[in-house]
Protein chains: 2
Amino acid sequence: MAVYTEVSDEDLERFVGDYDIGEVLSCKGIAEGVENSNYLLHTEKGQYILTLYERRVAPADLPYFLNLMEHLAANKIPCPTPLHGKDGKSLRNLCGRPAAIITFLAGMWPRRVQPFHCAALGEALAKFHLAGASYAMSRRNNLSVDAWRPLFQSCADRADRVKPGLSSVLAGELDYLEANWPRDLPSGVCHADLFPDNVFFRHEKLSGIIDFYFACNDFLAYDVSICLNAWCFERDCSFNVTKAKLLLSSYRKARPFAPEEIDAMPLLARGNAMRFLLTRLYDWLHHPKGAFVRPKDPLEYLRILKFHQQVKNAGAYGL
Amino acid sequence: MAVYTEVSDEDLERFVGDYDIGEVLSCKGIAEGVENSNYLLHTEKGQYILTLYERRVAPADLPYFLNLMEHLAANKIPCPTPLHGKDGKSLRNLCGRPAAIITFLAGMWPRRVQPFHCAALGEALAKFHLAGASYAMSRRNNLSVDAWRPLFQSCADRADRVKPGLSSVLAGELDYLEANWPRDLPSGVCHADLFPDNVFFRHEKLSGIIDFYFACNDFLAYDVSICLNAWCFERDCSFNVTKAKLLLSSYRKARPFAPEEIDAMPLLARGNAMRFLLTRLYDWLHHPKGAFVRPKDPLEYLRILKFHQQVKNAGAYGL
């Protein structure tokens with residue numbers, strides 16, 4: 001639920017006047033997303049999403065994100081694309097923040113993930129990775145293995161308050177991941193946050209991929225493992241191998257895995273379980289009292305991590 | 001910011017199937033309103049507001065609210081109107097809660113109130129009151145003078161934590177209001193919550209009145225005094241008599257005040273300052289830790305109350 005910046009009607013009208021989309025009819029804050037302020041903007045020409053980028057997004061990264069959406073949309077990936085103002089610019093300022101208007105995508109994200117969602121996701125992710133190959137810009141993944149130790153250190157002394165023994169589990173896993181993290185898997189543009197609330201469906205067909213504000217260049221199989229963790233575990237954190245098989249088999253039809261990607265999958269899945277466990281733990285321990293956003297439960301990813309720790313090879317995922 | 005109930009895509013599609021508005025294209029939670037869950041619903045036929053009524057709204061009151069919107073819209077008051085399902089019903093169930101789809105109104109609520117807003121508001125409120133005269137249903141104001149002592153009692157022992165001395169100010173004011181509250185002013189249907197965020201404007205013209213979930217039968221001049229307090233005080237709680245004059249003079253052009261309404265205005269304004277002070281104080285002291293909704297500052301209405309306490313007669317409001 002996120003609207004951090006209140007935009008006045010006067011400021012909004014001035015801002016929208018820099019585009020060729022007619023007059024504002026309405027503008028309502030959307031109770032989704034946690035990083036930025038999002039508004040559903042309705043003008044004489046149609047519906048759009050207005051985003052004000054808040055402090056967690058580095059302004060220097062915004063051209064990477066906005067140009068990526070444009071590149072992907074031009075390559076037939078169903079994703080929003082930023083509007084250009086009358087001066088040609090897509091990145092502007094509103095209420096002292098970087099801001100952009102992007103196109104609106106129809107569809108609903110699945111509240112209850114079903115196997116057919118995973119099949120559609122696999123294909124879309126592979127096509128996303130293929131389309132990303134011709135994208136010229138690059139951005140380091142600042143939440144990959146290098147980032148985990150500093151994150152851990154800022155939580156280590158209080159982690160056991162969340163669950164006794166958590167700190168030593170994290171310390172041991174971190175040593176293992178740092179020692180074994182792969183160095184040269186096929187790389188490219190990753191979405192890096194492809195959770196169900198970022199994927200829209202209509203009539204059981206995937207109709208849109210949104211929220212590119214964690215996108216970065218990293219191992220493509222790491223991006224796959226993010227989806228494995230986000231889409232193929234049930235609410236009780238049990239692993240649904242039917243969903244995993246559908247996800248991975250439809251992915252590989254569009255972009256076959258290299259053998260080393262298959263070998264690395266359990267490790268990558270552990271790594272990204274660690275990534276979300278650590279960032280959620282950090283938010284859990286550091287979120288201000290009375291904040292609007294309820295932090296997500298970090299322990300969900302501890303259970304996912306434990307599943308992958310006991311996996312012997314990618315066969316466990318149906319690969 | 002309010003979305004208390006998460007609606008699944010399957011439940012939503014079934015629910016919308018009971019109406020004749022085509023298929024769902026998208027549905028996004030709106031970060032406005034604090035009492036109910038509101039979604040901006042986009043279907044093949046257009047845009048609508050989907051509301052799920054949460055615990056603060058008594059289900060028995062919903063027919064009063066929904067029928068009132070329909071009555072007012074039929075009488076040319078610019079307000080949303082509930083859609084009827086294929087079975088003719090406007091009040092239905094979704095996710096175990098009473099729910100309704102209402103029409104969507106274009107416009108933005110004024111973040112910074114200007115004098116022209118107050119002039120337009122006065123006229124619209126008077127027309128609202130006139131249109132309400134032919135409304136058949138009735139609902140007691142359960143937040144009027146009878147309700148204030150129990151509210152006060154549930155806050156009295158902790159009020160001084162919010163501001164030293166507050167408890168005795170409230171006790172004294174309550175005695176005064178109970179002893180002097182008028183008994184027979186002109187009555188009718190009141191909106192009873194006509195704050196700026198419930199009034200939309202387009203091109204400096206009032207385009208809509210929303211949120212009828214506090215509507216009730218009470219003194220019409222009491223409803224006027226709510227607007228006086230909500231629209232004519234600046235952010236520093238200084239009183240803007242220009243705005244008040246415009247509000248009241250445009251109101252009386254459409255519906256002239258009876259002399260006893262003018263006489264009672266300072267008392268009514270004190271009363272409703274007390275009403276919002278008490279309900280905000282109650283929410284301030286009782287809101288759960290980690291709740292999504294940031295409670296509103298009760299002391300704003302203490303300053304407004306103090307202003308009215310020193311007013312000698314309605315001349316102070318430009319009447």
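**Helix packing, sheet and domains in a predicted model**

The crossing of H6(A) and H9(A) is left-handed. The model is a predicted one.

Q: Why are H6(A) and H9(A) called oblique to each other?
A: Helix H6 (residues 166-180) and helix H9 (residues 259-286) of chain A pack at an angle of about 130°. Roughly perpendicular covers 65 to 115 degrees and roughly antiparallel begins over 145, with the rest counted as oblique. The two helices are therefore oblique. Their axes lie 11 Å apart.

Q: Which residues of H6(A) and H9(A) meet?
A: On the H6(A) side they are A:Glu173, A:Leu177 and A:Asn180, and on the H9(A) side A:Leu267, A:Arg270, A:Gly271 and A:Met274. By class, this contact has 3 nonpolar, 2 polar and 2 charged residues.

Q: What makes S1 and S4 of chain A edge strands?
A: The open sheet has 5 strands in the order S1-S2-S3-S5-S4, with antiparallel pairing. Strand S1 (24-29) and strand S4 (92-94) each pair on one side only. The twist from one strand to the next averages 35°.

Q: Why do S1(A) and S2(A) count as paired?
A: A pair needs at least two bridges. S1(A) and strand S2 (residues 37-43) have 5 bridges, so they count as paired, in the antiparallel sense. In one of them, A:Val24 has A:Thr43 of S2(A) as its partner.

Q: How many residues of domain 1 of chain A are in contact with domain 2 of chain A?
A: In the domain assignment, domain 1 spans 9-103 and domain 2 spans 115-317. 18 residues of domain 1 of chain A contact 18 of domain 2. The domain 1 side has 11 nonpolar, 4 polar and 3 charged residues.

Notes: Residues are numbered from 1 along each chain as its sequence is written. Chains are lettered from A and ligands numbered from 1 in the order in which they are written. This is a predicted model: local features need pLDDT of at least 70, side-chain atom pairs count only at pLDDT 80 or more; totals for chains, interfaces and linings use all residues. Domain bounds come from an automatic or database domain assignment. Two residues are in contact if their C-beta atoms, placed from the backbone, lie within 7 Å. Ala, Val, Leu, Ile, Met, Phe, Trp, Tyr, Cys and Pro count as nonpolar, Asp, Glu, Lys and Arg as charged, and the others, Gly among them, as polar. Axes are lines fitted to C-alpha atoms, for helices over the stretch in contact, and angles run from 0 to 180 degrees between N-to-C directions. Helices (H or I, at least four residues) and strands (E, at least two) are DSSP runs, numbered from the N terminus. Angles under 35 degrees count as roughly parallel, over 145 as roughly antiparallel, 65 to 115 as roughly perpendicular and the rest as oblique. A crossing is left-handed if the near helix is turned anticlockwise from the far one by less than a right angle, and right-handed if clockwise.
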